[in-house]
Each structure stands twice: as structure tokens, then as C-alpha cells.
Amino acid sequence: MALVDAQQARRVLDRLVGYQISPILWRSVKPGLSAGRVQSVAVRLICEREAEIEAFKSEEYWTLTATLTPTEVQHLFPAKLHRIGKKKGEINNYGFRIDEARAKELAADAKTQAYLVEKVQKRERKQKPVPPFITSTLQQEASRKLRFVAKRTMFIAQQLYEGLEIGSEGSIGLITYMRTDSTRVAQEALQAARAYIKTTFGEEYLPNRAVNYQTKKGAQDAHEAIRPTLPLQSPADLKPYLSNDQFRLYELIWMRFIASQMNPAIFDGTTIDIQAGTYLFRSTGSVMKFQGFRRVYMEDERESDGEDVNLPDVKEGDTLNLRKLEPKQHFTQPPPRYNEATLVKMLEAKEIGRPSTYASILSTIQDRGYVTKERGRLLPTDVGRLVNELLKHGFPNIVDVEFTAKMEDQLDVIADGKVKWVETLGQFYPAFQTALKEAPDRMYEARKAMEEQSDEKCEKCGTNMIIKWGRYGRFLGCANYPECQNIKRLTSADDAPTAEPEPTDTACDKCGEPMVIRVSRAGAKFLSCSGYPKCKNAKPIPMGIDCPEPDCDGYLGERRSRRGKVFYGCSNYPKCEFSTWDKPVPEPCPKCNAPFLVEKTEKAKGSEVVTTRLACRTSECDYTK
């Protein structure tokens, strides 16, 4: 019953926060917004990371890399300048805080020195496998390896858990329950995994006994880790019965589980310190002696562990020949924006929320328009920034990371039966009630504090305009409001006012007035009647491609979804509902003579590099370039 009480306290607490703060946001910003004990903290983390990036000042630093070889053999290897003299003086965590002139001076001096091996350190290093998946690590790894968003990962995992038709065997649940925070595994599953490893890979890959992983403190431990229910069934055996996404996720879960019961990988690590006058160069490398679990599975973020530089066999006192010494300029980089995987990892590290809630949190903050995704990275929208600032001032405790983490600790104490759930809520609610009463005034003050003076003059009264925050983000408003109610939109890029509508030679097909190019609130350009608001005719800008639907005389143009995502649709919408996410290109297919091609963007596995190719719009044709 203590566990039931903890869950009841969580549900009541979340509803008190969500149901009572959200209406204040509706009145302060716009209807349809929501606040939550965990989702608002997630938005705050994203906003604070963006503020760090904007405030970041890049620093110049230099590295000096020597290319060396032993005198008796030709074996080139790199070594970086590690220290000058006995102190690190000019060096920081990245390299040397010097300018170009100083870097060239050091390089010129270092070239005149004799290079001697001062110290050689060799040691064997073991890399242990990682535990089988829990909910958060499954979402993180599926994001990194498969490019699945958390919601998609959980949806496919649910299908694998509920059961799929596997030939004559009927419906079988292929994985254990996918909402779990435990790394515990049933003994029969461990024995099955060990039998598979022994048969498939041999005795050298099998530990002396089954590996049991420590479940983290505070975990509910209500279910096993996420593992295959039939470890002896390899993904290849089940592939004919699974969709592509189901197969890829099952394969990931299966490989992680099998690898978790294998021996560590073994490396020979070598570090060579080279003295050149007052300069100390260092080269590190490692050679894999035994693959171990890496034969089956390797976590993406650990694949770069150690430098796989093949170093020569040298001894202390050996002389080395310098072949090249290259000074290289670098600049420090700001912290990276969160993606779904790193945000889940941060929430988990700070003990905010539960594994079962991460997918819904990520979905909600994007659906509400607080966060948008660009190239897989999460960026706060203007509305997200505004809501975050208002909540920080109106409810500083509720959206505080430490407060939310402490509340999770209190819920764990309830689950342990040490405190009654009503007592915990009784301590929370009086202060929350006071905050509810004071929040509207605090939010108003916060909103006023966010306003900035601009150099833009109001064309109606000549007064300088002010950058204000509204339901759609920032805009320019006259300082003489309410006497003068003139407003202008701002571009999201640099806070400059948007340009006046661009004239065109196109006539409105409804009233005959000239059409102009305007910019929507979502940032998309479109054709609009110059007679607006009397005539509200609007159409996408033509791309030079006719609509492919039969009996439709429309054309294709760029449009935006309600969530701000770009797609391409017919100008006769809603009469014609043709649309595509791929950008049409006005080139006929040279293979099947389809009227146009489409751009398809793809991201290489495990990389942030995005490639674009042209392909035929018809699924029957395989033309691509």
C-alpha cells in the first residue's frame, strides 16, 4: 500500500500543478498551453542551454602536433605538445591559449630540438559491457542508433511486448515489459543467454558466472530489464515476421542483452612521453587484444574510447626523427543543444520524472509549441522562452530542477512507508496556494522586464517601438500603447522588423487586385491579396510544378503545418489535398518521365551529417542521383 500511496501522491501532485497553473498561462499568453511539474522543468533545461549557447564567447587556442618516427624503422606516429617546461602556464583544457605569432614561435623553436623518448607506459585496459536496457537507456540508444524519437520507440516496443504472429507458433510477446527502471534479469533468461554465447562464440567469450547488474538507488524495481523473452531466437530468425522498424528495435534489444552477459573487451594501452628541450610531447594509443562483448554490441557514445593509434615499439632514451611539426588553430565550441537522447539522459541524471513519462514529456513540449526540432536538436521557440520566464517568476519552486528532484525523493520516502502521502501534500499545498495568488502579478512584471527598446520608429506616431512578447513570440509594439496600437512582427533571426509585402505581377483570382508576398507567423512566405482584409485570398508561392492529381488545375507550393513543419501542397487546398514532405524539384524523371523529382534528405547512421539526393516521386521508379 505504500507503493500505491506514492503513486497516488504523484498523480494528485501532478494534477494540482497542471490543472491550476495552466489556466493562468491561458490568460497570460494564449489558450491551449499547459504547465507540468516535469514538462516545465524539461523546457527550462532546453531554454537554459540555449541561453548558454547565446552567451558563449569562443576562445582561440592552438595545438602543436609533431609527426615522428624511430630512427631504425619507418613508423610514423603523431604526438601532441602536452607541456612547456614544468608548468602548464599557457595551456588550458583544450590546448594553448596563445595567438598565431606565439604558436609559430614555439613551433620554430621546437623544430630545432632533439626528440628523445622520456617514458613509455604500457597497461592492459578492460572495457566492460553495459547493462541490459531500461526505459531511459532504450530511448537514448534508439535515438542515437536508429534515429527514433522516444514516442516512436515506445510505440514499437509496445508492439513487440504485446505479441506478434511468428509463423505456426502463433502470437508471441518478444520482449519483457518496456517501462522499467530495473536491470534485474530472471535466472532462466541468464542461462539461455549463456548457452547461446557458449554455442555461438565459444568459451572465451563466456564469464565464469552470470553477470548481475546493480539497479540504481531509488528504482522501483517492479519489472525486469528490457530483454528478449526468447534469447535463443536471434533477430535473423524472426526477421521474416517483423516489420523493418520492429526488426531494428528488437535487434537492438537482443544485442544489448546478449552483450551484457559476455566477457569484457581487452586493450593494450600505450602512452609515450617525448622530451624535446623544454617541450614535452605525448602520444597515446591502444590496440584491441580481445573483442569480448564488442563482437556483438557497442554503445555509440563509447565507440571513441581510447585512441586507436598504432604506436611503434620504442624504449626510454630512444631518439626519434621529426618529420613534421604543425601548429593548428582552434576555437572553443559552445555546449551542444539537447537532442531527445541527451535530454532524457539529463532528466534521468537529475532524477526528474519516471521512465514511463519521458516519451510523453518530449511529445508534449513539442506539441504545445514550446520546443521545435532542427536537425535532431531541440530549440526553444519564442513561446517556450516566454512561458519559461513567466513560470520562473510566477512559480520559482515548481520549475526549479532541484525542487523537482527533491519532490521525487519525497515520493520515494512515501513508497518506503516512512511518511504518509497526505502529510507530504499538506506541506506542499499552502505555499503553492500563495504562489497561485501572487503569480499573475509576478508574471506581468516578468513580461514587462522582458521588453526591450528598439530603433524602429512607429510610422503612425513617430515614437520608438518596443520589442514585446505575445502569444506568437516577439513583436514590435508602439510605446504609446494604448493611444497608438500599431504593431509589427519581427523575424526570428535577428529581431529586425519584417519587410513590407513584396509586390508581384500575379492578379488575385477572386477580386482582380495584385497579389503580394507576405510572411506567415510560422515564417513561411505566401501569396496574399493586396486588398486584405477585404479580400482574404491567399495561396502558396508557385514552385513551377503543376499538381500531379488528375483533373486538378492547381500548382505546388511550400506550406507549413500547425506545428511549423514545412511540407508541399496543392494551391487548391482544401479542394485538392495532395501533399508531400519531400521538396519537389521541377525536373522530369529521365527514367519514367514523371513530371518532377523530389529531394530526399538522409542522415548517416551514428552521424550528424545530412545528405540530400534526388529521386523519382513515384514509388514504382527507382531512379536516384
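Tutor: In this predicted model, two strands pair if DSSP finds at least two bridges between them.

Student: What makes E2 and E7 a pair of strands?

Tutor: Strand E2, residues 77-84, is joined to strand E7, residues 279-290, by 4 bridges, and at least two are required, so the two strands count as paired. They run antiparallel, and leucine 81 stands opposite phenylalanine 281 in E7.

Student: How do you know that E2 and E7 belong to a barrel, and in which order do its strands come?

Tutor: The barrel is closed by 6 strands in the order E1-E2-E7-E6-E3-E8, with antiparallel pairing. Neighbouring strands of this sheet are turned against each other by 35° on average, with direction ignored.

Student: What makes you say that helix H3 lies across strands of this protein, and which strands are they?

Tutor: Helix H3, residues 100-110, lies across strand E1 (60-70), E2, strand E3 (115-127), E7 and strand E8 (319-331), where contact means heavy atoms within 4.5 Å. The helix runs at about 15° to E1.

Student: Why are residues of this protein called buried, and what share of the 625 residues do they make up?

Tutor: A residue is called buried because its relative accessible area is under 20%, and buried residues make up 45% of the 625 residues in the protein.

Student: Which share of the contacts between residues at least 6 apart in sequence joins residues at least 24 apart?

Tutor: Of those contacts, 62% join residues at least 24 apart, in a protein that has 13 helices and 25 strands and whose C-alpha trace spans about 85 × 70 × 65 Å along its principal axes.

Technical notes:
Residues are numbered from 1 along each chain as its sequence is written. This is a predicted model: local features need pLDDT of at least 70, side-chain atom pairs count only at pLDDT 80 or more; totals for chains, interfaces and linings use all residues. Side-chain values use heavy atoms; hydrogens and water are left out. Buried means under 20% relative accessible area, exposed over 50%, partly exposed in between (1.4 Å probe, protein chains only). Axes are lines fitted to C-alpha atoms, for helices over the stretch in contact, and angles run from 0 to 180 degrees between N-to-C directions.
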